[in-house]
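I want to look up folds, interfaces and a few single residues, one after another.

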Amino acid sequence: MTIEIPQAFWLYFTFFALLFLDGIWCMLATRNMVRVLIGIEILMKSVTFFLIVAGFLAGRMALAQALVITVIVIEVVVVVVIAGVILGFFRKRDSLDVSNTREMKG
Amino acid sequence: MSDLLLLVPFAAVVLLNLLPKRARAAGTWIAFAVLALEAAAAFAERFGYAGEPAWSPLGAVFGFHVAPDGLSGLLLLCAGLVGITALLVAQKTLRETRERFFFANLVLVALVGINGIAMVRDLFSLYVFVEVTAVATFILVALDSFTEGRGTEALEGAWKYILLSVIASVLMLLAVAFLLLSAGDTSLEAARGALAARDPLAWIAIALFLCGLFVKGALVPFHGWLADAYTAAPAPVSVFMAGIVTKASGIFALLRIASSTLNGATPGREILLVVGAVTILVGAFLALSQKNMKRMLAYSSVSQMGYIALALGGDLRLGILAAGLHFFNHAISKAQLFTNAAAIERELGTLDMDQMGGLGSRMPVTAGTSAVATLSIAGLPPLAGFWSKLLIVLALWNVGEYGFAVVAVLASLVTLAYFLSLQRRVFFGKRDERWAAVRETTPGLWVPAVALALVTIALGVGFPFALEILLGGGA
Amino acid sequence: MIWFTVLLVLLVLAALWASMASALLRATLALALTSALLAVVLFAFGATLAAVLELSVCAGLITVVLVSVTSLTQPRSLKEQAADRKRRLRRFWPLPFVLIAAGVGLSFVKVPVDIVMRLPAGDGDVRTVLWSLRQLDLFGQILILLAGVFGVLVLFRKEAK
């Protein structure tokens, strides 16, 4: 499989920005914890994409790849920890909604 | 030798988990030993491990690219002292052996992260170690949320902390990508070069990374998570977080970046000044209106972190020295105040300051030590906090930022106001008859508080001598 | 060139689906699709090792975690979702339009900074880079996995009786 890769920074930046915007929106516009987690994941996808693009344009593919591998490992652990928090919250509250169960006052 | 700072705590974690289940209570002693070594290593640095690693057999196997310096030594000492305090507090406040065991393990994991932050010279590795520390801390905040009778506050505190941390991570990774585009490498050396060459991409990179660190260090406008996480976390975790985690992963990384890349150049300097001043004021006024003791201490932390950002915006050489000192003083005093809070919570079962009063005669040691720490943070001579604030004001004055210097001085008055209000509400005034039977807390909680208060006093009184050592260490 | 752009458009569409889908399970699967598409993109860039990891770990492992969370919280959360549908719609309907507007807007912007593609110099193999230059990051990976193990032990625990 050979795909011709364009060498245009702005093209990639546009797509990165769209993914990023989508992730942020998904994270902020919902009250369901699982959806927030999905938003976080979309954000991480956008960053992974941008790191590889940066490595490609800078001619440091191997370095960028090494960084991305580390990022993916960290991402998994963070997701597992978040999942644990969500499940714990659900077991105590029987709800996935963060906003209407606030026990803390400012 | 600097490799050992990463490998020894790691080996200790492995060792802890090889212990048979019955011997787990002994695991804490291993953690104590590691933390004591950590504090000792801060002084060993003076005898030249920065040169390394020709004689180190491990250096040949583990080619970690780390470079400790005077600033690292400061962080190591803080981490050692605060870690020991947190472990002592854990012995008296966490009920189950299982929780204490996990606490010791996670503190050690976070410690490796902190040591990494202290020594790395690479933007991406810095991110990795900040993340290691953060993940260990997420779990610590939620540590006792499954024991009976606990609500979901701890989980909610952890949740907020995680969300803000993820946003910080994303910003830092973007910074790494921009630096890669600009300089083709991720080391701080490369960043410095690209910044000197006035590459706009490098400026974007550093600005994004600083934003990420502002979130981690809970500077205004990113301070929302801190009070919830500190208040909801179990007592020893608040001590550990307030004393070292937030400081290392936000503030120390900020210090490192400012000292090794910024060179006091303009856009970065102004951002630090404004963010610092706003943080000081917002944090101080939020602290003024709190009822919960831990929440007040948390907002006070926010406010004091503003001083460090402000110092970095001043005269660079003096600013870094002042910031480093303030960092150390505040870490020690805040760890001590959270220990005091743990003692009060253990004896009274509440942290609501409106229900307290007149505890001074019942808990004289707690009252005395907390007075030392609060006065030091408020900047009264001859305590340690006075000197670091003086240096911060000087660092601002030297470069002609008179307005910000005045803000720094005036905000000290607000600090004094909320801390006096804390003292008055908790230790003076009329005592509720509910607390008639309250006695001084166990030695397990007041001994570390006294030790930390002595550090504050000693550093304050012997300040010229301490400054000599610090300057000699090349800070 | 055109195929690559189409691939990127698909990637964004999959992410959009993941954030808009009304059923959580479907959103999770859309996220897996996003990961898989990203893996293809990484592969096209020549980052084969990262692509494999993205496919197996993100599209595989994380999806498993998310699906289990969704199904463990299912009966209650379904009710919540039904009650929440109207409000979700109100909050999410602008998103596609915002994305389209942003995409069109950005494609008209002239690039403010000039980025010159550098020749892929002797950058070396990713395995060599990871094992010899980025050992510290590998160590960090081991540590964070260790922290993750403790996370599972602490957080996935049944309530004490």
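**Chain C, overall.** I started with burial. Buried residues account for 47% of the 161 residues in chain C. The model is predicted, so I read every value here as computed from that prediction. I then checked the secondary structure of chain C and found seven helices and zero strands. From the N terminus on, the pattern is α-α-α-α-α-α-α. For the surface of chain C I noted about 8500 Å² of accessible area, with 74% of it belonging to carbon and sulfur atoms. I also looked at the contacts in chain C between residues at least 6 apart in sequence. Of these, 58% join residues at least 24 apart.

**Chain C, a nonpolar patch.** Which residues of chain C make the nonpolar surface patch of about 610 Å²? I listed C:Ile2, C:Trp3, C:Val6, C:Val9, C:Leu10 and C:Leu13. C:Leu10 sits in helix H1 of chain C, residues 2–20. Its relative accessible area is 40%, so C:Leu10 counts as partly exposed. Patch members need over 30%, and C:Leu10 has 40%.

**Chain A, overall.** I turned to chain A next. It has three helices and zero strands. Along the sequence the pattern reads α-α-α. Of its 106 residues, 77% count as buried. Chain A exposes about 2800 Å², and carbon and sulfur atoms supply 60% of that. Among contacts in chain A between residues at least 6 apart in sequence, I noted that 49% join residues at least 24 apart.

**Interface of A and C.** How many residues of chain A are in contact with chain C? I found 69, and they touch 86 residues of chain C. The size of an interface is often given as the accessible area lost when the parts come together. I looked that value up. Chain A and chain C bury about 7200 Å² between them, with 77% of it on carbon and sulfur atoms. On the chain A side, A:Trp10, A:Trp25 and A:Arg35 lose the most area to chain C, together 10% of what that side buries. I then searched this interface for salt bridges, and the rule finds one. A:Lys45 forms a salt bridge with C:Glu54, where the closest N and O atoms are 3.1 Å apart.

**Interface of B and C.** I repeated the search for chain B. Here 39 residues of chain B are in contact with 25 residues of chain C. The two chains bury about 2800 Å² between them, 71% of it on carbon and sulfur atoms. Which residues of chain B lose the most area to chain C? I noted B:Phe10, B:Ile139 and B:Phe146, together 22% of what that side buries. Across this interface the rule again gives one salt bridge. I also recorded a salt bridge between the side chains of B:Asp122 and C:Arg134, at 3.0 Å from N to O.

**Helix H8 of chain B.** I went through H8, residues 188–196, one position at a time. The buried residues are B:Leu188, B:Ala190, B:Ala191, B:Ala194 and B:Leu195. They cover an arc of only 155° around the axis, so they lie on the same side of H8(B). An α-helix has 3.6 residues a turn, so residues three or four places apart point the same way. What do the buried residues of H8(B) pack against? I found four helices of chain B: H6 (123–141), H7 (153–183), H9 (200–216) and H11 (235–262). The face turned away from the buried side carries the exposed residues B:Glu189 and B:Ala196. After H8(B) comes B:Arg198, with a positive phi near 60°.

Is B:Arg22 buried or exposed? At 79% relative accessibility, B:Arg22 counts as exposed. I placed B:Arg22 in the loop between helix H1 (2–18) and helix H2 (27–44). I also took a distance: B:Arg22 and B:Ala168 are 146 residues apart in sequence and 40 Å apart in space, C-alpha to C-alpha.

Leaving aside neighbours within four places in sequence, I found B:Thr369 in contact with B:Gln336, B:Asn340, B:Ala449, B:Val450 and B:Ala453.

Definitions and conventions. Residues numbered from 1 in each chain as written. Chains lettered and ligands numbered in written order. Predicted model: local features only at pLDDT ≥ 70, side-chain atom pairs only at ≥ 80, totals over all residues. Heavy atoms only, no water. Helix = DSSP H or I, 4+ residues; strand = E, 2+ residues; numbered from the N terminus. Buried < 20%, exposed > 50% of the residue type's maximum accessible area, 1.4 Å probe, protein only. Contact = heavy atoms within 4.5 Å. Areas by Shrake-Rupley, 256 points an atom, 1.4 Å probe, with all protein chains shown as cover. Arc of directions from axis to C-beta. Patch = residues over 30% accessible without salt bridge, like charges linked within 9 Å, V, L, I, M, F, W, Y side chains within 5 Å. Salt bridge = Lys/Arg side-chain N within 4 Å of Asp/Glu carboxyl O. Buried area = accessible area lost by both parts, 1.4 Å probe.
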